[in-house]
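Take a look at the fold and the charged side chains, and then read on.

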Amino acid sequence: MRTELIHGVLLFTGDFDQRDALTAQRTYPGRRVLVNADGNLEIHPAGPGLPRSLLDR
């Protein structure tokens with residue numbers, strides 16, 4: 001597993017699911033969390049609306 005910071009987004013590589021996203025949401029309150037199409041976990045800065053995956057940029 002690897003962790004990177006890309007454009008202010010924490011990216012955890014691995015095989016994550018929604019249970020991991022819920023845990024990350026509790027760990028990083030106020031941040032926007034998503035599991036991308038590759039199964040990686042993205043922790044986005046606080047902001048309005050749903051975060052856009054790094055894969056979509």
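This is a predicted model: local features need pLDDT of at least 70, side-chain atom pairs count only at pLDDT 80 or more; totals for chains, interfaces and linings use all residues.

Which residue forms a salt bridge with D17? The partner is R19, and the closest N and O atoms of the pair are 2.7 Å apart. A salt bridge here is a side-chain nitrogen of Lys or Arg within 4 Å of a carboxyl oxygen of Asp or Glu. R19 is exposed, with a relative accessible area of 62%, whereas D17 is partly exposed at 27%.

Residues are numbered from 1 along each chain as its sequence is written, and side-chain values use heavy atoms, leaving out hydrogens and water.

The structure holds 2 salt bridges. E4 is partly exposed, at 28% relative accessibility. Side chains of opposite charge can pair when their charged atoms come close.

Now step back to the fold. You will find 1 helix and 4 strands, in the order β-β-α-β-β along the sequence. The radius of gyration is 10 Å, close to the 10 Å that the globule rule gives for 57 residues, so the protein is as compact as a globular protein of that length. That radius is taken over C-alpha atoms, and the rule is 2.2 Å times the number of residues to the power 0.38. Helices (H or I, at least four residues) and strands (E, at least two) are DSSP runs, numbered from the N terminus. The C-alpha trace spans about 25 × 25 × 15 Å along its principal axes, and 37% of the 57 residues count as buried.

Finally, visit the loop between β1 (2-6) and β2 (9-13), where H7 is found. Most residues other than glycine have a negative phi. H7, although not a glycine, has a positive phi of about 55 degrees. This histidine, H7, is also exposed, at 68% relative accessibility.

Technical notes:
Buried means under 20% relative accessible area, exposed over 50%, partly exposed in between (1.4 Å probe, protein chains only).
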